[in-house]
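Work through the exercises below with the sequence and the structure side by side. Try each task before reading its solution.

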Amino acid sequence: MAWIVQMFNKLRSRIHLKPVQILVGGFALVILVGSLLLNLPIASRSGESVGYLNALFTSTSAVCVTGLVVVETGSTFSIFGQIVIIALIQFGGLGLMTCATFLFMILRKRITLKERLVMQEALNESGLQGLVKLTRSILIMTLTVELVGAALLSTRLVPYYGFAKGLYYSFFHSISAFCNAGFDVFGTGQSLMPFREDFMINFTIMALIIIGGLGFTVILEANNKRRFNRLSLQAKVVLSMSALLIVVGTLVIAVLEWNNPGTLGAEGMNPFEKIMAAMFQSVSARTAGYATVDQAALTPASKFFTVILMFIGASPASTGGGIKTTTIAVLILLVISVIRGKREIEIFGKSLSWGTITRAVAIAMLALVLVVGVTMVISMIELGLGDPMVAHGGLDDVLFESVSAFGTVGLSANLTPFLGTVSRIMLILTMFIGRLGPMTLALFFAIRQNTRKRAHIKRPEDRLMVG
């Protein structure tokens, strides 16, 4: 990854690329390289190319840690292809500059100011001080969590698949779960549904998903300070919202699906297993894409609720997508403040700046426009023209797949493999924007605002009827 950053630094010196542009370009370049590798005959079990569009879709889904697939990963790709996919997932979860910094430290190369600026943008930090130390801590934490996760998974997968395959499966799914990718290589096309009754696998995967979705800085801060009242406002909001969404999501899904024979009401499931499956759906729906119940069999109400969870997504500076937990927290507090007639938004004894509030509203609106637009276009192409895809789903399933792509979740109502070329390209762009879009757009507007020096003119205020 170091050569990618160096190349962009040379381009930046010539055409004055901003850090955010380097991030976008770096991710795009890695997706391109990944697609070329996955398109090679050696990447396929059959010895024939999977087709460039399928390779591009898989590469984008891996780098954007989404998990949506157009071909079954385990049965389609060879060991070489699967290793390429897990490498792309690891890169996508850690990010361009974290991986590049790791290589710089191995090569003992000095990290320049330009590279630190890109690191600052990638990690969403306010200053440059301590960025290299923070990156080193992120790498150590990631390696530790993934090793522990693999060790726990191996206690179940090694006895079932044998030592070599079980260990390989343990590491693959530990990395995929921590990076919130949702890729599996079991080759059944059922994700984790065969293991829905396994306590160890379910709670290990859930723990990896939750840790990866909290955000690197929040995890490190919580580990260092250990007491809630000593944490920063960012960490308090992230931890509180994450816990609230998990609990509420579990209760809602359990109520809606308890007696559904296609999901929690399946024959042989006891109350504990039903609660565990509901919790897994709640955790995975916001970021990861692993499933222990058939998403196509969910009730319409549960599908819509899952769409809401996917739209919210993970937390800032994490391995997940969506509009983020902090954004939805700000929006909820804004509504409460308006209802109470208060001019300030207060949380945990602090008031939020209007810059934070307006950015949260802008991110949510941009995301909503994107999801609605993609859903309409795919519906028009696939449903409006009488495509055979009608037999595999309707508008609700198109919305489900679109939000899953934007939130980089990867849960699927079994619709994506049946989409046409244009619709697949739409989902590729949606996954890319979902991984980098809200943050990138916010940073882009901030850069534009800072670079354009305009006179501060106060316009006359007036009233406008709303609502």
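**Exercise 1.** Which residue just after helix 11 takes a positive phi?

Solution. The model is predicted: local features need pLDDT of at least 70, side-chain atom pairs count only at pLDDT 80 or more, and totals for chains, interfaces and linings use all residues. Residues are numbered from 1 along each chain as its sequence is written, and side-chain values use heavy atoms, with hydrogens and water left out. Step one: find helix 11, residues 216–225; helices are DSSP runs of H or I with at least four residues, numbered from the N terminus. Step two: look just after helix 11, where Arg226 has a positive phi of about 65°.

**Exercise 2.** Decide whether Thr306 is buried or exposed, and list what Thr306 touches.

Solution. Step one: locate Thr306 in helix 14, residues 300–312. Step two: apply the cut-offs, where buried means under 20% relative accessible area, exposed over 50%, and partly exposed in between (1.4 Å probe, protein chains only). Thr306 has a relative accessible area of 1%, so Thr306 is buried. Step three: list the contacts (heavy atoms within 4.5 Å). Leaving out residues up to four places away in sequence, Thr306 touches Gln281, Ala285, Gln295, Leu298, Phe400 and Leu411.

**Exercise 3.** Classify Val369 and Cys64, then state how many disulfides the structure holds.

Solution. Step one: Val369 belongs to helix 16, residues 354–382. Val369 counts as exposed because its relative accessibility is 57%. Step two: Cys64 has 1% relative accessibility, so Cys64 counts as buried. Step three: the structure holds 0 disulfides, a disulfide being a pair of cysteine sulfur atoms within 2.5 Å.

Notes: Helix = DSSP H or I, 4+ residues; strand = E, 2+ residues; numbered from the N terminus.
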